[in-house]
Amino acid sequence: VATSVGCGRQSPACPSHCSRSVAFDVSSLGQAIVWDEYLTGPFGLIAQYSLLKEHEVEKMFTLKAGRLPPADVKNIIFLVRPRLELMDIIAENVLSEDRVRSPLRDFHILFVPRRSLLCEQRLKDQGVLGSFIHREQYSLDLIPFDGDLLSMESESAFKECYLENDQTSLYQAAKGLMTLQALYGTIPQIFGKGDCARHVANMMIRMKREFPGGQNSIFPIFDTLLLLDRNVDLLSPLATQLTYEGLIDEIYGIQNTYVKLPPEKFAPKKQGEGGKDLPTEPKKLQLNSAEELYAEIRDKNFNAVGSVLSKKAKIISAAFEERHHAKTVGEIKQFVSQLPHMQAARSSLANHTSIAELIKDITTSEDFFDNLTVEQEFMSGIDTDKVNNYTEDCIAQKHPLIKILRLVCLQSVCNSGLKQKVLDHYKREILQTYGYEHILTLNNLEKAGLLKLQTSSRNNYPTIRKTMRLWMDDVNEQNPNDISYVYSGYAPLSVRLAQLLARPGWRSIEEVLKMLPGPHFEERQQLPTGLQKKRQQGENRVTLVFFLGGVTYAEIAALRFLSQMEDGGTEYVIATTKLINGTNWIKSLMEKLEPPPF
């Protein structure tokens, strides 16, 4: 396939020339791509099916066990992550194909983001390695999600780094940052906090030293790179996000900018039909800043969304009323020319009103309110050192396990660990209610530092909370003046670190930085003469914040809020290994023991 794909957007986060090429010569008799299902989302953001069709891709299939679907093509290209279980499925596909086809097809395999000797050995053991004419890797480092947001979509990066001591995703992050610097100039200042951040910075410095191309002569777009470990701030993903986008993600899960919603709220209501023939397929919507209304409301606290929607509804209905006042041909023509935009705005408003109604049904429930109250008590330092009654009741009523784990981990983080008696009580209750197979999950949470024993009698969290102003009692949700609005009171520690780095600098919080895990550091990268920035009056600095181990939509909203502050002086672009929320983050750390086969 000689394929070159680009996403077509231009912004600091997403170059118009970010197309990557993977080239190997295959016959022009047509090709079919067999996709690892997880990759279809990320690839959909940079290459539409229409683009692949232009490059003679005639069929696309999802990788499944058994025989490949029939297709009149000469070349079959497997696009997969380097996972052993996927190699077994590919082997099955190839073996069933070889037995029935003549003449034989040509097979090719692309590993995303890297080739794996282990996977190739598995294909060899299955007797199919020789069937592949090409074995290549497709280095998909950073995928543009929006004008200011990039993600590697590496779903197991946190687990690999903190549980398995596997630094492969850190190498990918360093490589992605080198690609970004090749396109946008060397970033003169690098700051970081955490062990993973230190590793990535070291790898970047080493890659730069080993890069034979010499000096980069591109004028730098970014002034600063801030590398942050997820384990520096374990609290933010555990708490319930309260921005519009954060709540959509918490409740329905946003996958590669798409969300699937219950269809009944989106059914067109026709008079006299009642409720018959309701759609059964989930409503799939894309959520990004290309949609004007979504860009306006996504980062607001959910309590501020209703008033924006009702204001928009009045504006749109007034615009449609205008048609009655159009008298002359010119006025009618002008109205008609605006019609497509108005109809799109009306449809967008209808969608977001429906989503807001769906979310409101949940946020007004007693259970949501009780859960949020307990979270906020923990974050503000109330009763963090004893067994919590609400958590105990939820375990007794067998609420979803992930909800319980989030609450217990949140309490542990807000108390710098739990006393032996409290920790043992929670563990015993969880294992007796949900099953002993979850002992591995609890062990993983302990290894990752989410659930831990309080080793010293000193609880550092109140000091960190006070010094960093992590809890604000008088939060303004409608017209916020501080980042704490994204959690209705709690300011994400990670974003506070970015804010204080910009002004007045980390020297002012040396003591707190020592309390947080991992080293903090600063590196400078030399710029060739003539490329140093001369800042114009009022020109903002641009900082790239890279979250190693995942970032939540609430943290992204808080950084966007800082970018928009008139006296902020800094604009933020966000990059991460994965977009996460508390549920999928805890899920990635869960392990289930299989019952014995006898």
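In this predicted model, the buried residues of helix H16 are Val422, Leu423, His425, Tyr426, Ile430, Leu431 and Tyr434. These buried residues pack against three helices, namely H14 (389–396), H15 (401–413) and H17 (439–447). Helix H16 itself covers residues 420–434, and its 15 residues reach 21 Å from the first C-alpha to the last, which is close to the 21 Å expected at 1.5 Å a residue. After the helix comes Gly435, a residue whose phi is positive, near 115°.

Aromatic rings form a second topic. Across the whole structure, a search finds 13 aromatic pairs. One of them joins Phe107 and Phe132, and because the ring centres are 6.2 Å apart while the planes meet at 65°, where over 60 counts as edge-to-face, the pair is classed as edge-to-face. This pair links distant parts of the chain, with Phe107 in strand E6 (residues 106–111) and Phe132 in strand E7 (residues 132–137), 25 residues apart. Phe107 and Phe132 are both buried. Elsewhere, ring pairs link Trp35, Phe43 and Tyr138 into a cluster.

| Charged residue | Ring | Distance to ring centre |
|---|---|---|
| Arg198 | Phe521 | 4.1 Å |
| Lys284 | Tyr258 | 4.8 Å |

Notes: Residues numbered from 1 in each chain as written. Predicted model: local features only at pLDDT ≥ 70, side-chain atom pairs only at ≥ 80, totals over all residues. Heavy atoms only, no water. Phe/Tyr/Trp six-rings, centres within 6.5 Å; stacked < 30°, edge-to-face > 60°. Helix = DSSP H or I, 4+ residues; strand = E, 2+ residues; numbered from the N terminus. Buried < 20%, exposed > 50% of the residue type's maximum accessible area, 1.4 Å probe, protein only. Lys NZ or Arg CZ within 6 Å of the ring centre and 35° of its normal. Expected span 1.5 Å × (residues − 1). Contact = heavy atoms within 4.5 Å.
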